[in-house]
Amino acid sequence: MLIYEYMPNKSLDWHIFNENQSMLLDWPQRFHIIDGIARGLLYLHQDSRLRIIHRDLKAGNILLEKDMNPKISDFGLARSFIENENEANTNRVVEYAVDGLFCVKSDVFSFGVLVLEIVSGRRNK
């Protein structure tokens, strides 16, 4: 069972894709959120005991606590690796690569898309 702490500011997508809420996010606050997500990914990819690839990084999976600090959530598709392992194969449909390989690059790509969404306030289509 996985238990999350209560996040009074809901998820990031509620703030950036809602016109009224989006206007309340100033640039320093947006940068703070981007920086927090980057630090979270760095922890998952390099600093934790196991290398963890999230594989589903999107605005709906970023929760905001009362001080607007971001927390990465929903690790349902996450995959952990041992020290020397860098990539793996999968047969799951969620993968981006045609040959079924996934690695930290997929999270980095998703992070880039997320940054564009945060800056522009528009969903990726």
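1. Which residues are linked in a network of salt bridges? In this predicted model, the network joins Glu-5, Glu-65 and Lys-71. Side chains of opposite charge can pair when their charged atoms come close. A search of the whole structure finds three salt bridges, and the points below take them up one by one.

2. Lys-71 pairs with Glu-5, and the closest N and O atoms of this salt bridge are 3.4 Å apart. The pair links distant parts of the chain, since Lys-71 lies in strand E3 while Glu-5 lies in the segment before helix H1 (12-16), 66 residues apart. Lys-71 counts as partly exposed because its relative accessible area is 33%, and Glu-5, at 48% relative accessibility, is likewise counted as partly exposed.

3. Lys-71 also meets the side chain of Glu-65 in a salt bridge, with an N to O distance of 3.8 Å. Glu-65 has a relative accessibility of 17% and therefore counts as buried, the cut-off for that word being under 20%. The side chain of Glu-65 also makes a polar contact with the side chain of Asn-69, at 2.6 Å.

4. A further salt bridge joins the side chains of Arg-39 and Asp-35, at 3.0 Å from N to O. Both residues lie in helix H3, where they are four residues apart, or about one turn of the helix. Arg-39 counts as exposed because its relative accessibility is 58%, whereas Asp-35, at 30%, counts as partly exposed.

5. Arg-30 also lies in helix H3, which covers residues 27-47, and a student may find it worth a careful look. Arg-30 is buried yet has no salt bridge, and the nearest side chain of opposite charge, that of Asp-26, is 6.8 Å away. Leaving aside neighbours within four places in sequence, Arg-30 is in contact with Ser-22, Leu-25, Ile-118, Val-119 and Gly-121.

6. Asn-69 sits in the loop between strand E2 (62-64) and strand E3 (70-72), and at 24% relative accessibility it counts as partly exposed. The side chain of Asn-69 makes a polar contact of 2.6 Å with the side chain of His-32. Once neighbours within four places in sequence are set aside, the contacts of Asn-69 are with His-32, Leu-63 and Leu-64. Asn-69 and Asn-9 are 60 residues apart in sequence, while their C-alpha atoms are 9.6 Å apart in space.

7. Not counting residues up to four places away in sequence, Met-68 touches Asn-9, His-15, Leu-25, Gln-29, His-32 and Ile-33.

8. Gln-21 is found in helix H2 (residues 19-22), and it is buried, with a relative accessible area of 18%. Apart from residues up to four places away in sequence, Gln-21 touches Trp-14 and His-15.

9. The largest pocket holds about 230 Å³ of space. Of the 14 residues that line this pocket, the closest to its centre are Leu-57, Lys-58, Val-113, Glu-117 and Asn-124. Helix H4 (residues 104-120) gives the largest share of the lining, five residues.

Key:
Residues are numbered from 1 along each chain as its sequence is written. This is a predicted model: local features need pLDDT of at least 70, side-chain atom pairs count only at pLDDT 80 or more; totals for chains, interfaces and linings use all residues. Side-chain values use heavy atoms; hydrogens and water are left out. Helices (H or I, at least four residues) and strands (E, at least two) are DSSP runs, numbered from the N terminus. Buried means under 20% relative accessible area, exposed over 50%, partly exposed in between (1.4 Å probe, protein chains only). Contact means heavy atoms within 4.5 Å. A polar contact is a pair of N or O atoms within 3.5 Å; within protein, one must be able to donate a hydrogen and the other to accept it, and residues adjacent in sequence count only if both atoms are side-chain atoms. Lys and Arg count as positive and Asp and Glu as negative; His and the chain ends are not counted. A salt bridge is a side-chain nitrogen of Lys or Arg within 4 Å of a carboxyl oxygen of Asp or Glu. On a 1 Å grid over the protein atoms alone, a cavity is a set of points where a 1.4 Å probe fits but cannot get out, and a pocket is an open set with protein on both sides within 12 Å along at least five of seven lines; lining residues have an atom within 4 Å of a point. Grid points are joined across faces, edges and corners, and a volume is the space filled by probe spheres set on the points.
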